[in-house]
Amino acid sequence: MNQREFMDEHNHEHHHVQERGELRILSARAGADVAAEAPLAKHALDLAAVRGKLQARAGKQYWRTLEELAEDPHFTELLQREFPRQAPSEWDEGVDRRDFLKLMAASLAFAGLSGCGLPPRENIVPYVKQPEGLVLGKPLFFATVMPFGADAIGLLVESHEGRPTKIEGNPDHPSSLGGTNAFAQASVLDLYDPDRAQLTTNFGDMRSWSQFLDSAQAAAAAIKSTEGAGFRILTGTITSPLLAEEIQGLLKLYPKAKWHQWEPAVSDGGREGAKLAFGRYLNTVYRVEKADVILSLDSDFLAVGPGNVRYMKEFFRRRKLTGPDSEMNRLYVVEPTPTVTGATADHRLPLRASDVELFARALAAKLGLGGGASLPGAEKWIAAVAADLQKHRGSSLVVAGEQQGAEVHALAHAINAALGNSGVTVYQTEPVEAQPVNHLQSITELCADMDAGKVDTLIIFGTNPIYTAPHDFDFATKITKVRNTIRVSTHFDETAEYSQWHIAESHFLETWGDARAFDGTLSVIQPLIAPLYATHSAREVLAAFSDKPGVSDYDALRDRLKAANSGADFEKFWRKTLNDGVVANSAFTPVAGAAKFSADSLPPAKTIPADQLEFIFRPDPSIYDGRFANNGWLQELPKPVTKLVWDNAALVSSKTSEKLDLAHKAASRGGEHGQIYSPVVDVSLSNSKVTAAAWTLPGQADGVVVLPLGYGRTHAGYTGTNRGFNAYAVRVSSALFTATGGTLKKTDAEYSLACTQYHFNMEGRKILASGTLEEYKKNPNFAHEEDEQPDKSVSLYKPQDFPYAPDKPAWAMAIDLSSCNGCNACVVACQSENNIPVVGKDQVMRGREMHWIRIDRYYTHTPSETDGGHSGDPSEYSPALDNPETFFQPVPCQQCENAPCEQVCPVGATVHSSEGLNDMVYNRCIGTRYCSNNCPYKVRRFNFLRFQDWETPQFKLLRNPEVTVRSRGVMEKCTYCVQRISNVRIEAEKQNRAIRDGEIVTACESACPAEAIVFGDQNDPNSRVSKLKAQQRNYTILGELNARPRTTYLAAVRNPNPEMEKA
Amino acid sequence: MFLVCGCIPESFGGHYRVTVDPAKLLIACEEPASAAILVVRGGTIKRNELMPQLFHRSANSAARISILAVVILATLGLTVVFGGVRSPNFTNQYLIRNQPIQFSHKHHVGDDGIDCRYCHTSVEVSATAGIPPTRTCMNCHSVLYNNVGYLAPVRESYSTDTSIQWVKVHRLADYVYFNHSIHVNKGIGCSTCHGQVNQMPLMFQANTLQMQWCLDCHRNPEQNLREKKDIFNMDWKPGPDQAEKGKLLAAQYNIRGVRELTSCSTCHR
Amino acid sequence: MEHHEPQLYGVMAEFETANQLLHAAEKVRDAGYKHMDAYAPFPVEGLTEALGLGRNKVALTTLLGGLCGGLGGFGFEYWVNVVSYPMNIAGRPLNSWPAFIPVTFELTVLGAALSAVFGMIAMNGLPRPHHPVFNIHRFARASTDRFFICIEATDPKFHLADTARFLEGLHPQHVTEVQDE
Amino acid sequence: MSVAQPPINHPEIRRLEPVLAPGHTYETVTATISDVVIKRPLGLGWFAGFTLAFTFLMVLTVAVAWLIIKGVGIWGINVPIGWGFAIVNFVWWIGIGHAGTLISAILFLLNQKWRTSINRFAEAMTLFAVACAGIFPLIHTGRPWMAYYMFPYPSTMGIWPQFRSPLIWDVFAVSTYGTVSLLFWFVGLIPDLATLRDRAPHKWQQMIFGALAMGWRGSARHWHRYQSAYMLLAGLATPLVLSVHTVVSFDFSIAIVPGWHTTIFPPYFVAGAIYSGFAMVLTIAIPLRKAYGLEDFITMRHLENMAKVMLATGLIVAYGYFFEFFMAEYSGNKFDVFLVDQRLHGPYSPYYFALILCNILTPQLLWIQKVRRNIAALFVMSLIINTGMWLERFVIVVISLTRDFMPSAWGRYSATVWDYATFAGTLGLFTTLLFLFCRALPAIAMAEMRELVAHTSKDHD
């Protein structure tokens, strides 16, 4: 390994630091200067410690040390295999090295937790030159964006001494408005994923970056000679102008070169639909907040797809109720399988994916857009919807789903146009994709060329074709015909296996770059940390083939922006951009021209015979198309509707399940929340076969089988490899999203699935209150009918026995159930903020998941067991489950004033603070679990084993230093983010002022895109939380227990269409 | 008489051999009748066939002493344990650690009178007081003592851009979240916890840093409150009027009540 | 080991049955002897009265022990919860006396039981593994099936011969006089 | 006695059946009992039994070691079922530990002669059961090495145990109970130790027993204080023994979990304790009297009396079960109603029906005199009842937790191999101690037997 070059690399880096050394800081979330210096900070600070832990070996830069280490096979082996990954080893593996290591490490750790034994000798490692603006012990926030498909979510990233630890939404960014989603929240874990590729390799042998540069330049010469014939680039959807410019540059340089794109989970329907409607590719943007009536044609626009976070904000802002006189928007959803959007709907119609088009045609016909189609069985529904849409001309909105075909999108455009919504609730812009193409065509061409041996050099990044390409393309064999494949990816994945070169790609928190959001807004991606390993950005790789290689991303980006913003004081603009996280008013302007399109022009729709099963492919709600497969937080994140973790399953409707006898049953281990035995089915589809576990899903359209994408990966890493089944294996180019002619055969095998909530029935208890807007207007107090809540004044104790000073803050939380659609952002945010460990599938099956906030999913209109109705077991068939109303309820610690848990703790490890917090003191806890038994809400979580990973160095960087890392044998639970409370309180006290409302924001609250969670001081009558609690909808779960929770809920209110009720 | 006398030795003699009391013997002799009876029914008073006791007489005292010993040892043991965990051996109080550079606070603070905040810059704003970067040392030592041997590590650190690795002296457990700034801002001076640093040639931990010690102040902060100007004054000592002065300051700083200050989440998260 | 000067401890008579012992004891008492003791393999009903022994102090000790335990227990609980570290636990009053009762009760019993047993042992002058009566080898049966009565030399009325003769009059199995070796 | 001798087949005969077979003298009773300890050589049977028991004891040590290494996660517990076998076993053992003190104390106060020949080993059994029980509260904690936090000691943290928690009450109740039982047992032993001292053939035996006897010489004065102390202890132990299981029942009844939060618990826990206690006494007495020829001392009358006590307490327990249902339905509390319904229809109903069979139905056979007087039947019955009482605790602890307030958080419990190993291990500990006891100390109180001889002889003359 040539070390000089690495030194050069480093000096290069260093050089930027110097030249920006003098810049002043603008605000708390200061600009790039600090950001770029942070790396130095972390080299000096954390990694030194990490290295120390790794082994006593002095070095300068982490990655340089790593290079040295990498040559030591033992160490590589250690780093790759021995260290536990996010999921801990199961207990029944026998005593291995790590158990003894645990024994020792544990004793140390416990010295920490228990306060017994002498403290180990610790070193203080100060900076050599402390970065400007960095105050030790104070986190800094930097604005950046996370590129995702045809969107980029604006983020503020919390950094502790140069370690990004927590993702927050950027209020100034149009795609976030302060909210985030689970993917964004979990992205910080990807940064520290120990399975990330750490160096450049050629056929698996380690190469230095310079060696790659040399070979690239050599290749470039050859390519030039052929004008780039045989030079291909395959990417995912790209919205980054910088990256696009680089590619375009190459295409200019090599005229015969080609750029292909492949995004597996999104259909071309959107693009082609726009083409049908407007004659060319256009980007569609919704103004959800302006819509009174929304119809979703199989669109999960609240959870995935461009702008989902923004749309969620806007959508739920229209559903906030301040009193009986306030109004709500209305959402109709037509979909084959329940999504969070569907679960939020006021009216939901389960239809087979193929029937959604029929529905659209029928609706269009009803609205007089020609094409006399009709959908038997749904006329009433369609009539009601049509009427409602008509009634709200100009304030209604029809949204077509990402997985639906061009026709549906075109019809949606047409209907919107016809209803006069265009320009009001929806508008078109130039595509945000740098180069919109038909992805299917694009990859088909590539495969053809590869097969014909026309491809000589292939660069692949941003997509994983070996895993995701339609299996009829047989990408794997064809790629072998390419002489030189360069794979750029964060992990050494399936595609990397088939590539000559693998360039370890930098995480977006490590690189400079840019990206456009769903509405075209341009944002700068600024790094929070220098690359942890010898990684590089895709742009650098492309540049390596250009005529001016080695230009750093930083320079390239600044040059590009300079060019784009000539004239204005660039440095000022630059700092403002970095500070705000967006390039001011860079959003695309709406393009004129309504849809010139009539339903008549459509070819007759192809219909599927009712007796045939329809197989549909959908991105997994947790790990999307597989790109997050190695992210433990997302793997262990209960999927919003099914509540499954660590696996995907072939989802079938209750009827189908009954027909094919696919009922699953709770195991005696964990049971209702834990291990579920589900029958294994053979899916034979398009001349291919895959074996999957079946899962009966209430609310699924009959005859539909959902095959979630993203699982069954073979090279994802320790966490993601060989989980679930690979749906891509039965996915062919002719039927990318909807396939028929397949069969589902039950085998006698059984498979264990981990499910965190099996029972969906409230058993007639006062847990989740819900009603319709009508009911609410009639009786605003409906949530308190048959309330058994005892009067607060009724108590054996004298009032002065309750020591809550009225002039001091009393922390409380209100959760508006009307606004929760179970999107899971809060769950991951909490996990990230509070150092919550991942426990692995086996432990979840034992009922030991650790999430401090869980989201309970309930189906209503299923009478409880006591009144002889449904038992609450989803595998039992009941007509009530064909299309149940679904509700979500986030349950953090309820912070009861009369906390049942406190009374029974023998050591006083959980007691009340003066501000009414139910404090949990880990270091006092001895783990009797009595508190958990006595907690009626079961929000306490116990470290049954050593779930925390104390060895893996990367995770040490990930952790939030503000929160104790719990170890084995200790109870833990939600603390209302007491660390945030303390920090704000301290600042306020220093300024001798009261804490302002909204100054303290809990992790879940700040992550929630729906603003469903509100935290504050209930002693302050003007606080948001007090106002919410003052509403009549406000109620407490199981109030009759008189635990007096500080966390209360606002009854869910839906706004169904009275006409529809009649229908 | 003779008979009587005669029979004395055989029937009594041996018998009285050991303990014979002439007086009693005389009495016995004087009463031939009784003696006769004794003789006639001789042997009914059995000679005491001596059998050795299972335990020697000393066993009695031994038993009592051993009981006493157990009691004493138990008390002693407990005293040692509970005293021990409070002793410097356990708390590392007064323990001087071997540092890469024998930095003297006495010299810098006491003699040169450098303000604490010159090095510990973040003490007023952040949880951590902050250990100065090498650059801070070099501010002076690029000029002063810029070639003395014992400062070589500093220069080396600066030139090679590697941190000086100090050994931690004041170590709180990981689950304790102490915040310097709030204490300094609310009238608790450095020396209250760190002792008179200006008289420490080498740094050591002046207090136990045990929870009990923290509570002593959190339950009664008045005893340690000082005016703003004295916060960084190493020689400050509570005056005779501290009691009422403390109350005034507490009001002025509006220190939170004991209940707030002794809530678990004040220090633990 | 120092040689111990042997002295007379008393005269001891051995009986076959508890009733004989009982009657003997009454006679001894009536004869005005004070310093005497009876030995039996089990508690013989009425023997105490027969020997004219007064009431013992075990009950009193037990009472005191119980009081200390109980008061101490509750006092401690009160101090911990109200004085030492008052904390709001489950919104209950600091002095949740009903919750303190079980521990108070247990400590009462513990205190009483300990003082009863150890009081009894102490007042009996135990442990005392060495004792003059063990000098008589027949005394080994005192723990099985023989009953003894012993008039001690310290008794003002003690006169070896007379006492011996007196005991003889009670028709014992044997009369032995006991040396304190 | 003046009453005419009734005909031999007259039922009165049974009433007159002696608690001690006729013809025994002080010497014979003493010899029979003490010889087991000081003369009789260790038989093959004893070795076989002891080895088996000891093997199980080793299983316990392994199970506990693994527990310390890995954590309580090796058990089947989870959220919501935070307590599993550990607490079930704890309650079961404590319950068994009730018979001894009860027999010694309460029957003593009631002046029941038949207690005499069973109280000694019943007390021993109590101690060993409490020892087994005591293990669990310690090891079931997540951090056993921190368990000392539960004791009030002057910590450097300035904090104390939380006296509102039933677990702390447990700490005091169980330790007090252990201590008092030990004292009671030892006080009873003192005269017997003296006897052994005086009868032991070997010097070393004499020395050991002599040291333990503390120089007891059967002085009338000593007997006087001894009896007062013993009587007082009995008086103290009686409320204590009742309080212990009451406190244990508080662990549940203080909590709000449906199925735990009921006022019927204290009485019916105590009854259950006595129930299982007597069952265990029978389980031990029957083989013991056979093995060491103690039929003369542990007579049919004893066995039958114990059977009667079991029948009585069994009925109290049945009453308790009934009232759990009645109160639930009567109160109409939806959680309680649901819970009792779960016991019948829930996933764990088989356990509940097994419990009813073992604890309520089978023991009704004891109404039949033939069964009461059939040793084999009694032995089997005692085993069935022990099982039943274990199941009762399982039903209470586990079923109540599986389905409490939040249906979304419902779970199920299945024990792992380590749960079973730990339980079997404590059985090993218990039996090991018993085996050692019956050869190291007199299994029957000799002094009291002699007293009995005196009395019976009085009756006869």
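Guide: Buried area is the accessible area (1.4 Å probe) that two parts lose on being put together, summed over both. In this predicted model, local features need pLDDT of at least 70 and side-chain atom pairs count only at pLDDT 80 or more, while totals for chains, interfaces and linings use all residues. Side-chain values use heavy atoms, without hydrogens and water, residues are numbered from 1 along each chain as its sequence is written, and chains are lettered from A.

Visitor: What makes up the area buried between chain B and chain A?

Guide: The two chains bury about 4300 Å² between them, and 54% of it lies on carbon and sulfur atoms. With contact defined as heavy atoms within 4.5 Å, chain B gives 44 residues and chain A gives 49 residues.

Visitor: Why is the pair A:Lys808 and B:Glu260 called a salt bridge?

Guide: The term asks for a side-chain nitrogen of Lys or Arg within 4 Å of a carboxyl oxygen of Asp or Glu. The closest N and O atoms of A:Lys808 and B:Glu260 are 3.2 Å apart, so the pair meets the rule. Between chain B and chain A the count is 6 salt bridges.

Visitor: How do you know that strand 1 of chain A pairs with strand 1 of chain B?

Guide: Strands (E, at least two residues) are DSSP runs, numbered from the N terminus. Pairing needs at least two bridges found by DSSP; 2 bridges join these antiparallel strands, so they pair. In this pairing, A:Ile124 stands opposite B:Trp166.

Methods. Helix = DSSP H or I, 4+ residues; strand = E, 2+ residues; numbered from the N terminus.
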